[in-house]
Amino acid sequence: MKARQSLKVIALVAPLVLGVLGGGCSRTGQNNETPDTGGTNAGNPPPAVPSAVVVNVTLKEWTITADKTAVPAGPVQFVVANHGTVVHEMVVVKTDIPASALRVVNGTVDEAAAGQVIGEVEEFSPGSATRSAAFNLQPGSYVLLCNVIGHYGHGMRLAFTVR
Ligand SMILES: [Cu+2]
């Protein structure tokens, strides 16, 4: 099942890649039309933000570690790896509550009560490719946490500061 699904994805992506390449070639012709600038800026920020500070995060049982725990305000790109043996996620919460003191209900952090949820890297499997998410962060105190049931309580949380 899994291999079959992967082939399906490749089949869907291949025409897109060819389309992009074809578009590049056509630009050699005489054409006074304004080139395509790549779409609108509506919606979520793009996955790669050139000016962003990159924070490499590692998830495993039962820790969240990062190569930086304080960054300047502005675009921050989290590149998240799962080095554990089960699925993990990373939720970014802006809060003044200490990282270890968030309210837990039935094994998970009550995200609505924790503070302002900025965004997350959803659950992903150990051994899969790193996930990336970029956010424009304002100065303040944050907590990075894994909210898979029980994981926060086991220690998967990290205080993070934006100056
Ligand atoms: Cu976890």
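**Close-up views of a predicted model**

Of the chain's 163 residues, 20% count as buried (20 or more other C-beta atoms within 10 Å of a residue's own, with C-beta atoms placed from the backbone; exposed means 12 or fewer, partly exposed in between). The model is predicted: local features need pLDDT of at least 70, side-chain atom pairs count only at pLDDT 80 or more, and totals for chains, interfaces and linings use all residues. Residues are numbered from 1 along each chain as its sequence is written.

**View 1. The chain and its elements.** The secondary structure comprises 3 helices and 11 strands. These are DSSP runs, numbered from the N terminus: helices are H or I with at least four residues, strands are E with at least two. The order from the N terminus is α-β-β-β-β-β-β-β-α-β-β-β-α-β.

**View 2. The largest nonpolar core.** This core holds 26 residues. A nonpolar core is a set of buried Ala, Val, Leu, Ile, Met, Phe, Trp, Tyr and Cys residues joined through C-beta atoms within 7 Å. M90, L144 and L145 have the most contacts inside the core.

**View 3. Around M90.** Beyond four places in sequence, M90 touches V57, L59, I64, F78, V80, E120, V121, L144 and C146. Contact means that two C-beta atoms, placed from the backbone, lie within 7 Å.

**View 4. The loop at S125.** S125 sits in the loop between strand 8 (116-124) and strand 9. S125 counts as exposed because it has 12 C-beta neighbours inside 10 Å. Leaving aside neighbours within four places in sequence, S125 is in contact with N82 and V87.
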